[in-house]
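Grab a pencil and work through a few exercises with me.

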Amino acid sequence: MALAPRLEMRQGQSLVMTPQLQQAIKLLQLSNLELAEYVEQELERNPLLEATTQDPSERAAEERTAPEADRETVITSETSLSLSDDGPLPGRDGDIDTDYDNVYADEARADTQNDAAASAADAPGPTGSDWQNMKGGGGNAGDGDYDFAATLTREATLAEHLTEQMNTALKTAGDRLIGAYLIDQVNEAGYMTADLAEVAERLGTDIEDVEAVLQVLQTFEPTGICARNLKECLALQLAERNRLDPAMQAFIDNLELFAKRDFDTLMKLTGADREDIAGMVEDIRTCNPKPGLAFGGEPVVPVIPDVFVRSRADGSWMVEVNSETLPRVLVNQQYYSEVTKLSGDPSAKAYLSECLNNANWLVKSLDQRARTILKVASEIVRQQDAFLVHGIQHLKPLNLKTIAEAISMHESTVSRVTANKYIATPRGIFEMKYFFTSSIASSSGGAAHSAEAVRHRIKELIDVERSDAVLSDDNIVDILKGQGVDIARRTVAKYREALNIPSSVQRRREKKAYA
């Protein structure tokens, strides 16, 4: 057979991961805070994108009343969505290298004529006259007294708090150098993480000097700071209360027996009776095992729900996307038209054309992201209706495939939608992933049980057990099988350990100690 060059035509299909497609996939799995930060970056990068604080209804009214020549084409990511909001909107095609159909399969094209919201400007600081008023003692600035405390942005960190005390307690420069180094080795919980021998070698000093400085640091507030382990932390706090007698010291030295609830052995080692052991336990429980957490931590960011679920008067559920946290952006078509008319530079026109396409794609992606989240959340609510009405005992086993098949999407899309998203329901705020639990077969042949509901039932059984009838894992298995849950003993043990519940032996010892 002779080898010769020839031309052939072949037809095939392939999915190309273009930058636009990658952007849409990325936006889908971002939380609202991450999305707002991403849009801020796009606003700085793209001159045709604008953020607006104007209410969408006001913007729409202005568009209707404005002359035809003065109207500006506006595309916004903000939209009012609910379960009934499923009508298609007219599509808008742009000159981009990826069709929007490639991003979300079987999704209707959507478009809106509403606006978006941008962040408000930061309040200005005090003027020169304000500082003069404060300096002079008048205290009047503007229409009221100037509150200097209002300018503080954060509390002192743990390191700053310890350094302030160190500068007063340590007199020599060498001790302060050692103290500053040791303070840097204190973790967020307040424990000393460095090995003192290594510190002495690194600083070129004697280990006795390092130990002496550490003893001074351990007298600082909060009590128990700079301890090297939990036992030392508890001992420092109890010593300050004058409760560190020999019996208490023996109790702390054998703290692992307390974790096992082996009070009989503790009584032998400490020489105390059951009543004294109970008093020691109460003293230890009043101590703070992590004294450093009161300082320097990052501010707690509250969970902002992405979706709201509210009950209607007829018993159905209304599902809405939290539009308050969604970035509102628009594309300035008027600016694009004016600049392209005045500019004769082909490279400038090409740049603006690319910016316009990217802006249109971003706005469409934001709008479709909101609609996809709403669609997935609505199906989750439909599947978990019994949970919303009756509680966690009625949480159904659910997986991504069930939701994907119900809304005609791919499982990967559902997985991205449910990542870092929260739903506010009448029963509290839950992560979307919470509603996806494995199933446990029914012993009676009925519907399967959710693993989360079974865990909750195990906790309920242990909470109400009597001191003279502590439930073993085998007892819990028998009770659950009587209630129609086919579960193995090792599964009960795994769920119990996940709930941080001690074994039946340890619970029995503890209940006897407090009986």
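Of the contacts in the chain with a separation of 6 or more, 65% are between residues 24 or more positions apart; contact means heavy atoms within 4.5 Å. You're looking at a predicted model, where local features need pLDDT of at least 70 and side-chain atom pairs count only at pLDDT 80 or more, while totals for chains, interfaces and linings use all residues. Residues are numbered from 1 along each chain as its sequence is written, and side-chain values use heavy atoms, with hydrogens and water left out.

**Exercise 1.** Find how many helices and strands the chain has, and what share of its residues is buried.

*Solution.* Next, take buried as under 20% relative accessible area, exposed as over 50% and partly exposed as in between, with a 1.4 Å probe and protein chains only. Buried residues then make up 41% of the 515 residues.

**Exercise 2.** Describe how helix 15 packs with helix 17 and with helix 18.

*Solution.* Two packed helices are described by the angle between their axes and the distance between the axes. Axes are lines fitted to C-alpha atoms, for helices over the stretch in contact, and angles run from 0 to 180 degrees between N-to-C directions.

- Step one: the axes of helix 15 and helix 17 (residues 400-407) come within 10 Å and cross at roughly 115 degrees.
- Step two: these two helices are therefore roughly perpendicular (under 35 degrees is roughly parallel, over 145 roughly antiparallel, 65 to 115 roughly perpendicular, the rest oblique).
- Step three: K375, V376, E379, I380 and Q383 of helix 15 meet T402, I403, A406 and I407 of helix 17.
- Step four: helix 18 (residues 411-418) packs against helix 15 at about 95 degrees, with the axes 10 Å apart, so this pair is roughly perpendicular too.
- Step five: here T372, I373, V376 and I380 of helix 15 touch T413, V414, V417 and T418 of helix 18.

**Exercise 3.** Decide how helix 9 (residues 230-240) and helix 10 (residues 246-253) are oriented to each other.

*Solution.* Their axes come within 10 Å and cross at roughly 160 degrees, so helix 9 and helix 10 are roughly antiparallel. The residues that meet are K231, L234, A235 and L238 in helix 9 and M248, I252 and D253 in helix 10.

**Exercise 4.** Is F435 buried or exposed?

*Solution.* First locate F435: the loop between strand 8 (428-431) and strand 9 (439-440). F435 has 3% relative accessibility, so F435 counts as buried. Not counting residues up to four places away in sequence, F435 touches I380, Q384, F387, L395, K396, L398, I423 and F430. Finally, F435 and T418 are 17 residues apart in sequence and 9.8 Å apart in space, C-alpha to C-alpha.

Conventions. Helices (H or I, at least four residues) and strands (E, at least two) are DSSP runs, numbered from the N terminus.
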